[in-house]
Amino acid sequence: MNKISIAAEDRVFVLTGAGISAESGLPTFRAEDGLWAGHRVEDVCTPEAWERNPWRVWEFYSARRAAGAKAEPNPAHTALAELERQLGDRFFLCTQNVDDLHERAGSRRLVHMHGELSKAHCERECGRPPVEDHAIYRSLAEVGRCPCGGRMRPHIVFFGEIPLEMERIQAEIAKATLTLVVGTSGSVYPAANFVHWARLAGARTAYVGPERPLNASAFTHVVVGKAGEVLPGLFQLG
Ligand code: APR
């Protein structure tokens with residue numbers, strides 16, 4: 001397997017998707033037995049779904065909290081945490097995942113562009129920040145309310161909503177000389193466009209995953225393999 005060389009002047013931006021947590025036992029979205037095979041996006045992950053039936057939404061995310069609590073970081077999460085330890089502020093991680101496996105592996109310089117399972121925020125745009133919430137709810141009556149009176153909802157970016165931290169993400173992509181994408185099908189925007197932004201910034205771009213993503217042709221380098229097997233030996237620091 002070819003190594004990816006990282007020189008002293010390189011800055012690395014990493015984007016991860018559901019595939020990096022697959023070897024931790026968490027299902028991806030678009031696999032035949034994935035999360036979207038058992039649930040319709042329109043029922044559990046849109047503002048309209050929340051309006052129509054907030055319990056159905058909380059039931060789905062409560063089940064994902066329960067699954068996430070049982071999962072452990074795998075060697076792919078650990079390899080990225082180790083790379084951050086070596087590169088310091090020349091490393092930045094953006095994940096589409098809402099699990100906390102990157103943090104639990106030791107990553108610190110990261111953003112969750114699609115939100116976090118372990119938090120909740122007010123359904124009204126009342127300006128209060130998200131709060132820690134690890135509860136596995138059994139009914140809507142258990143779900144709390146914000147001081148403003150709004151019901152608390154999962155801190156998840158629903159389809160149709162704007163991803164979080166986009167300004168910071170764009171700035172980090174523009175600075176990076178190497179953009180590495182791991183375990184994402186390249187079917188959800190704006191994340192699927194990051195490789196194009198990276199190319200415009202003149203960066204090398206690499207993808208790691210067992211299948212070629214939809215946007216594979218945009219990468220300068222595609223490594224076909226499981227993240228937990230490929231990432232631990234992938235980087236050669238100069
Ligand atoms: N290592 C690396 N990649 C893997 C592995 C593995 N062990 N197993 C599967 N994959 C890859 C699949 O080949 C696929 O390309 O992970 C990708 C998962 O794709 P999706 O299920 O589409 O997940 P993702 O791209 O993260 O979805 C993006 O869509 O539904 C929304 O908000 C949700 O953040 C999510 C977004």
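**Figure 1. T184 and Q96 meet through their side chains.** In this close-up, the side chain of T184 makes a polar contact with the side chain of Q96, at 3.0 Å. A polar contact here is a pair of N or O atoms within 3.5 Å; within protein, one atom must be able to donate a hydrogen and the other to accept it, and residues adjacent in sequence count only if both atoms are side-chain atoms. This is a predicted model, in which local features need pLDDT of at least 70 and side-chain atom pairs count only at pLDDT 80 or more, while totals for chains, interfaces and linings use all residues. Residues are numbered from 1 along each chain as its sequence is written, and side-chain values use heavy atoms, with hydrogens and water left out. T184 sits in the loop between strand 8 and helix 8. Helices (H or I, at least four residues) and strands (E, at least two) are DSSP runs, numbered from the N terminus. Is T184 buried or exposed? With a relative accessible area of 12%, T184 is buried. Buried means under 20% relative accessible area, exposed over 50%, and partly exposed in between, with a 1.4 Å probe and protein chains only.

**Figure 2. The ligand and the residues around it.** Here we look at the ligand, which 22 residues surround; the closest are F29, R30, T184, S185 and E211. For R30, an N or O atom in the side chain is 2.7 Å from an oxygen atom of the ligand. F29 takes part through its backbone, where a polar atom is 2.7 Å from a ligand oxygen atom. Taken alone, the ligand exposes 730 Å², and the protein buries 92% of that. These areas come from the Shrake-Rupley method with a 1.4 Å probe; for residues, only the protein chains shown count as cover.

**Figure 3. Who makes up the shell around the ligand?** By class, the shell has nine nonpolar, nine polar and four charged residues. Ala, Val, Leu, Ile, Met, Phe, Trp, Tyr, Cys and Pro count as nonpolar, Asp, Glu, Lys and Arg as charged, and the others, Gly among them, as polar. Which domains supply the shell? At least three residues come from each of domain 1 (1–26 + 72–114 + 163–238) and domain 2 (27–70 + 120–156). The domain bounds come from an automatic or database domain assignment.

Figure 4. Three strands form an open sheet in the order 6-5-7, with antiparallel pairing. Strand 6 and strand 7 stand at the edges, each with a single partner strand, so one side of each has no neighbour in the sheet. Two strands pair if DSSP finds at least two bridges between them. Strand 5 and strand 7 (residues 152–156) are joined antiparallel over four bridges, and A120 stands opposite P154 in strand 7. Two bridges link strand 5 to strand 6 (residues 131–132), with K119 opposite E132 in strand 6. How many residues of strand 5 are buried? Seven of the eight residues in strand 5 (residues 115–122) are buried, leaving the strand mostly covered.

**Figure 5. D10 and its two side-chain partners.** D10 is found in the loop between strand 1 (4–6) and strand 2 (12–16). It is buried, with a relative accessible area of 9%. The side chain of D10 makes polar contacts with the side chains of T177, at 2.6 Å, and R204, at 3.0 Å.

**Figure 6. Two backbone details to look for.** Most residues other than glycine have a negative phi, and most peptide bonds are trans. The peptide bond from Y189 to P190 is cis, with omega near 10°. P190 lies in the loop between strand 8 (178–182) and helix 8 (194–200). E165 has a positive phi of about 60° although it is not a glycine. Its place is the loop between strand 7 and helix 7 (166–175), and at 41% relative accessibility E165 counts as partly exposed.

Figure 7. G202 lies in the loop between helix 8 and strand 9 (204–209) and counts as exposed at 62% relative accessibility. Its C-alpha atom is separated by 9.6 Å from that of K175, 27 residues apart along the chain. A174 belongs to helix 7 and, at 53% relative accessibility, counts as exposed. The C-alpha atoms of A174 and F194, 20 residues apart along the chain, are separated by 9.9 Å.

Terms used. A residue is near a molecule or strand if one of its heavy atoms lies within 4 Å of it.
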